[in-house]
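Have a look at it first.

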Amino acid sequence: MAVRVGVLGATGAVGQRLIQLLDPHPEFEIAALTASDASAGKTYRQAAKWRVDSPIPADVADTTVTATNPSEVPDDIDLLFSSLPSSVGAEVEPGFCEDGYVVSSNSSNGRMDDDIPLVIPEVNAEHLDLLEVQRDERGWDGAMVKNPNCSTITFVPTLAALTDFGLEKVHVSTLQAVSGAGYDGVSSMEIIDNAIPYIGGEEDKLETESRKLLGDFDGAELSHNGMDVAASCNRIPTIDGHLENVWVETEEELTPEAAAEAMREYPSLDLRSSPDPLIHVFEEPDRPQPRMDRTLGDGMAIAAGGLQESPFGLQYNCLAHNTIRGAAGASVLNGELLLENGYI
Ligand SMILES: NC(=O)c1ccc[n+]([C@@H]2O[C@H](COP(=O)([O-])OP(=O)(O)OC[C@H]3O[C@@H](n4cnc5c(N)ncnc54)[C@H](OP(=O)(O)O)[C@@H]3O)[C@@H](O)[C@H]2O)c1
């Protein structure tokens with residue numbers, strides 16, 4: 001029987017992607033939709049300006065949106081997917097966890113807290129056990145798991161494939177799509193015929209979240225990976241798909257051939273939203289490209305290419321769909337992992 005789930009912030013850009021992915025999902029059934037007070041009481045069709053590239057699901061369209069408050073969400077819902085602005089998430093998500101709901105959240109609040117697992121299932125599924133520590137410390141009946149920032153998700157799986165070589169220094173420069181800022185995030189006058197070499201707060205997220213994701217959990221505490229990470233983040237006029245240029249220095253010698261093999265062989269998981277292969281490595285020097293490669297693995301694969309030696313170690317490019325693998329799909333995959341591990 002499908003698990004009844006709710007979506008917090010269901011009317012937004014990521015919320016709409018969540019609806020698109022959850023509606024046909026055999027393990028989950030959408031049973032609650034929340035948004036701001038301005039949307040509460042309207043049908044989803046009225047509240048959400050639907051902009052996703054498939055029709056709005058008919059049963060969802062007629063569902064009434066409620067305010068984002070635990071008292072508005074039915075008790076028989078166990079799992080909530082959250083795509084709230086982080087300031088709102090910080091305010092309301094803990095209350096849902098206290099009330100017994102398990103929350104799989106996209107919002108950046110709490111991602112770096114010691115007792116909140118930040119998870120990419122194919123990279124660090126074992127960090128989910130941090131939920132036992134979280135429940136002990138916070139006294140929650142529910143639980144909170146986060147997925148990382150969309151740019152972090154793009155390059156960390158490729159690094160995970162290279163950990164056996166000893167990661168020492170990582171430089172990453174991003175070319176990020178406008179959808180990452182939300183529909184109203186970057187005006188067309190700013191971005192057309194332009195590139196913006198600054199995305200507030202983003203560089204710090206790549207540097208800190210990557211070290212948490214690749215850290216070790218000993219059953220009680222999580223230690224972060226000691227590699228040095230420097231990030232430079234740029235907004236460019238693509239719609240979807242973050243492209244990133246990466247340089248990695250390792251303890252052991254790492255040839256482009258060995259790196260390509262490690263990435264190709266890096267395992268996916270036996271979860272519905274985990275693609276196989278997880279990392280698609282291109283031979284063509286001009287790939288991956290956002291428009292051509294962002295939908296690999298239904299938008300859940302990581303694409304890599306351009307592997308070569310450089311004075312700064314291995315150099316390569318990688319790409320992922322920022323609102324699917326980088327946001328909504330990441331939360332759904334974490335939901336599947338929570339289900340498989342008996343947290344729901
Ligand atoms: N876009 C991406 O690629 C991406 C990637 C990774 C992570 N994220 C994160 O995902 C979250 C959502 O991003 P988004 O681009 O989907 O934002 P968005 O389009 O602005 O949507 C925000 C959602 O939150 C609701 N909301 C706003 N204020 C609220 C309040 N005070 N109380 C309750 N609900 C409220 C909105 O409802 P109304 O429609 O009623 O205003 C809407 O449903 C953010 O934390 C963002 O950082 C986004």
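Of the 344 residues in the protein, 56% are buried, meaning under 20% relative accessible area with a 1.4 Å probe and protein chains only. Keep in mind that this is a predicted model, where local features need pLDDT of at least 70, side-chain atom pairs count only at pLDDT 80 or more, and totals for chains, interfaces and linings use all residues. Residues are numbered from 1 along each chain as its sequence is written, and side-chain values use heavy atoms, leaving out hydrogens and water.

The protein has twelve helices and 14 strands; these are DSSP runs, H or I of at least four residues for helices and E of at least two for strands, numbered from the N terminus. Its C-alpha trace spans about 60 × 50 × 35 Å along the principal axes.

Now for the ligand. What about polar contacts, which are pairs of N or O atoms within 3.5 Å? A side-chain N or O atom of Thr11 sits 2.5 Å from a ligand oxygen, and a polar side-chain atom of Ser36 is 2.6 Å from an oxygen atom of the ligand. Ser179 uses a backbone N or O atom instead, 3.1 Å from a ligand nitrogen. Taken alone, the ligand exposes 920 Å², and the protein buries 73% of that, with areas from the Shrake-Rupley method and a 1.4 Å probe.

Conventions: A polar contact is a pair of N or O atoms within 3.5 Å; within protein, one must be able to donate a hydrogen and the other to accept it, and residues adjacent in sequence count only if both atoms are side-chain atoms. Buried means under 20% relative accessible area, exposed over 50%, partly exposed in between (1.4 Å probe, protein chains only).
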